Amino acid sequence: MKFSLIICTYMRPNAIVTLLESVKIQTVYPTEIIIVDGSTDNQTTKILKESNFDKLIYYKVSKEDRGLTRQRNFGINKVTKETDIVCFLDDDTVLTKNYFEEILKTFISDDEIVGVGGLAINQNRWKIKDKNYNKLLYYEFDGYIIKESSRNVIRNILGIQSNLPPSRMPEFSNVRTYGYPFNNKTYEVDLLVGMSFSFRKKVVDTIKFSKYFEGYGLYEDADFSIRAQKFGKNVINTKVQLYHYHASEGRPNKYNYGKMVVRNGWYVWRLKYPNPSIMARCKWNIIVITLIYMRFLNVFTTKKRKEAFTEFLGRKVGLLSLLFNKPTIIR
């Protein structure tokens, strides 16, 4: 199978070179590597000109095509017609040696699979299940356990936790975002994470990343994953592994981030469930309000008090704005 790699980048010249070095040693190599650079300086241009990566095609885009959603769509339009699979990676990731090989094997294994996602090794906290553990504090799945985050502990206590596996979206939307243990299995999911997802060419030829998420684009990967399900199954293959380092450059301020968490979260919820039940609506709102005030408590419990407070304000404004100005969903 021929496959194209699209990497959208913004002001991270060193990170993208590190990623490309890990692409260079892959057991199978992309047909083409399309770099779409939205940087406002020339550092990425300069460092890539000085590097030597095979089959690399570099585009420096103007303001009109800047932003993750626009850059991804720009890259899709540049993909060769002969390719079978289009792979997307965040620019702050590093791949294990057989990353692409495992992706291709997954697509070949089942014609109904249209989307494949991977897992970040440095973010994986799963452990083999112990005989004794507190079910409020730990989540059990397939012989493994993982310690719950504080927000999930609160959901467990309030009885508003999802009863579905990770990355499967319940009717009230809020998913478990723990990924999966490294057990060499493949799991069907609703949502794939943009740091590491790949789709059959027929999917990206038919649908594009939504204009609603233009700009920073929080949850644009969830939106695309849900719409891709019209063509078949999304899966996470636990053999598809990489490292994700979450570079701080190019991220929005915490106020805007807080607003996006709520408004964009509402958007993908209603995309998946256009007419949720009253109980689902209540659960969604209870969770949002709970998380708003948990973030407010961080003002007193963390050193980054300003970030916590501004994100709290952003989340609160985001929720209030839904009363008067709900997003228009593009299906």
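This is a predicted model: local features need pLDDT of at least 70, side-chain atom pairs count only at pLDDT 80 or more; totals for chains, interfaces and linings use all residues.

Tutor: Residues are numbered from 1 along each chain as its sequence is written, and side-chain values use heavy atoms, with hydrogens and water left out.

Student: Which residue of β11 stands opposite glycine 115?

Tutor: Start with strand β6, residues 113-120; strands are DSSP runs of E with at least two residues, helices are runs of H or I with at least four, and both are numbered from the N terminus. β6 pairs with strand β11 (residues 196-200) in the antiparallel sense over three bridges, where pairing takes at least two DSSP bridges between the strands. Opposite glycine 115 you'll find phenylalanine 199.

Student: In which sense do β6 and β12 pair?

Tutor: Strand β12 covers residues 233-244, and six bridges link it with β6. Isoleucine 113 stands opposite lysine 233 in β12. The sense of this pairing is parallel.

Student: Is valine 94 buried or exposed?

Tutor: Valine 94 is found in strand β5, residues 93-95. Leaving aside residues up to four places away in sequence, it touches Thr18, Leu19, Ser22, Leu242, Tyr243 and Tyr245, with contact meaning heavy atoms within 4.5 Å. For the label, under 20% relative accessible area is buried, over 50% is exposed, and in between is partly exposed (1.4 Å probe, protein chains only). Valine 94 has 18% relative accessibility, so it counts as buried.

Student: How many residues apart in sequence are the parts tied together by tyrosine 59 and phenylalanine 74?

Tutor: Rings of Phe, Tyr and Trp (its six-membered ring) pair if their centres lie within 6.5 Å; planes under 30 degrees apart are stacked, over 60 edge-to-face and the rest tilted. By this rule there are 24 aromatic pairs. Tyrosine 59 and phenylalanine 74 form an edge-to-face one, 5.4 Å centre to centre with 75 degrees between the planes. Tyrosine 59 lies in strand β3 (residues 56-60) and phenylalanine 74 in helix α3 (residues 68-78), so the parts they tie together are apart in sequence by 15 residues.

Student: What kind of aromatic pair do tyrosine 212 and tyrosine 267 form?

Tutor: Tyrosine 212 lies in the loop between α6 (201-206) and α7 (220-228), and tyrosine 267 in helix α8 (residues 254-272). Their rings are 4.3 Å apart centre to centre, with 15 degrees between the planes, and the pair is stacked.
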